[in-house]
Amino acid sequence: MHANKTSPANEKEGRDISVDMYPFIRKYKDGSIERFLRSPFVLASSDQGGNRGVATRDVVVDKATGVSVRLFLPSRAAETAGRNGLPVVLYVHGGSFCTESAFGRTYHRYATSLAASAGVLVVSVEYRLAPEFPIPAAYDDAWAALQWASWLASYADPARTFLAGDSAGGNIVYHTAVRASHEVNDEMMDIAGLIMVHPYFWGAKRLPSELAWADDSEGAAAVFPPYGVDRLWPFVTAGLAGNDDHRIDPPASEIKSLACRRVLMAVAGKDTLRERGLDLAARMRDHDAPWPWMMQGHREVTVVESEGEDHGFHLYSPLRATSKRLMGSIVEFINQRPNSSLANRMVLGVPTTPFKDVFGYGMAMKSWGTRSSMPRNGAAVPWTRVINIFF
């Protein structure tokens, strides 16, 4: 089921479509929105036994916007860490800026796995989606969540705060790191590392691999064919920006200004966005940072490539060997000491069986029903109460 296919159900309804980005989202001329790529809502629970030893809780960060987070606490790791505190990973989900949820089954399971595997407190952000809330709403929401997470410093390890995200979420955490590099706020946590998995970056000019994808039959079958990527950014910015926007094609001056010490960039061999990720990683490595506390002004940039895989494979096939190796690389990145021996470039090998992409097969795993939203009328939960419940 690829981006150029139509939904039989909507053909029968005969509704007038304004913007068709199936199988992600449709906008109709009457203003209504229909989302397709979404997974069933999962309740948060303090029951650790049924969730790999990870307790979860939802917290309203900002009542005015409804921005919320889901906390994932690996209880055994918290007990072992004691007063030293756990690393914190602020995680921002993907979904083309317009679909998916931190409270859906896909990202609930992924954040649970990350918390349990790495022994970290995961703060998964439920941000506002386009087109109802165009970019930069998602950027503002991730920033609000990071500011809220700073209150966890008394119970976490403030020296080990990581920003992580996949696809659109990878773009969002990049810009969160940029903003954190320029904000003057003594209460903000330092960003120890930035993790971007198959991040969404693009541009007005095709890179060589994108030209090849556009002319190749395999490119048309990719999760994100180039012609589909071209349409996304104008849609999620309400037509106010094109593919030459610096927010998806970062300038050298911005990359150089990043105060982040360490970066992990994960790409997939068959992903249309692969070369953009590799290019950004190379520019992060090449541009010396102006921050005196960084070793000789250089960042540690690690690239992890999953050969033979496509965009988002690790989310929809988490038990694949390549998915497990990718998770292992992320866990090692989080738990290693700076300047240790993690390779600058790791290739995770070709899978023994081809990945059946999310459009053709992953959708069968998902619910086509609507998700029950988290209540928006509740008061924000004080951070001290959250921590007391968890600890």
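**Note on salt bridges and a helix pair**

1. D140, R179 and E183 are linked in a network of salt bridges (side-chain nitrogen of Lys or Arg within 4 Å of a carboxyl oxygen of Asp or Glu). The structure holds 14 salt bridges.

2. This is a predicted model: local features need pLDDT of at least 70, side-chain atom pairs count only at pLDDT 80 or more, and totals for chains, interfaces and linings use all residues. Residues are numbered from 1 along each chain as its sequence is written, and side-chain values use heavy atoms, with hydrogens and water left out.

3. Helix α4 (residues 137-149) packs against helix α5 (residues 168-182) at about 60°, axes 9 Å apart. The contact (heavy atoms within 4.5 Å) involves A138, Y139, D140, A142, W143 and L146 of α4. From α5 come N171, I172, H175, T176, R179 and A180.

4. R206 pairs with D230 in a salt bridge, with the closest N and O atoms 2.7 Å apart. R206 sits in the loop between β9 (191-197) and α6 (208-215), D230 in helix α8 (residues 226-236), 24 residues apart. R206 is partly exposed at 25% relative accessibility (buried is under 20% relative accessible area, exposed over 50%, partly exposed in between; 1.4 Å probe, protein chains only). D230 is also partly exposed, at 23%.

5. E300 and R262 form a salt bridge at 4.0 Å, N to O. The pair joins strand β11 (residues 300-306) to strand β10 (residues 262-268), 38 residues apart. E300 is partly exposed at 22%, whereas R262 is buried at 3%.

Technical notes: Axes fitted to C-alpha atoms, helices over the stretch in contact; angles between N-to-C directions. Helix = DSSP H or I, 4+ residues; strand = E, 2+ residues; numbered from the N terminus.
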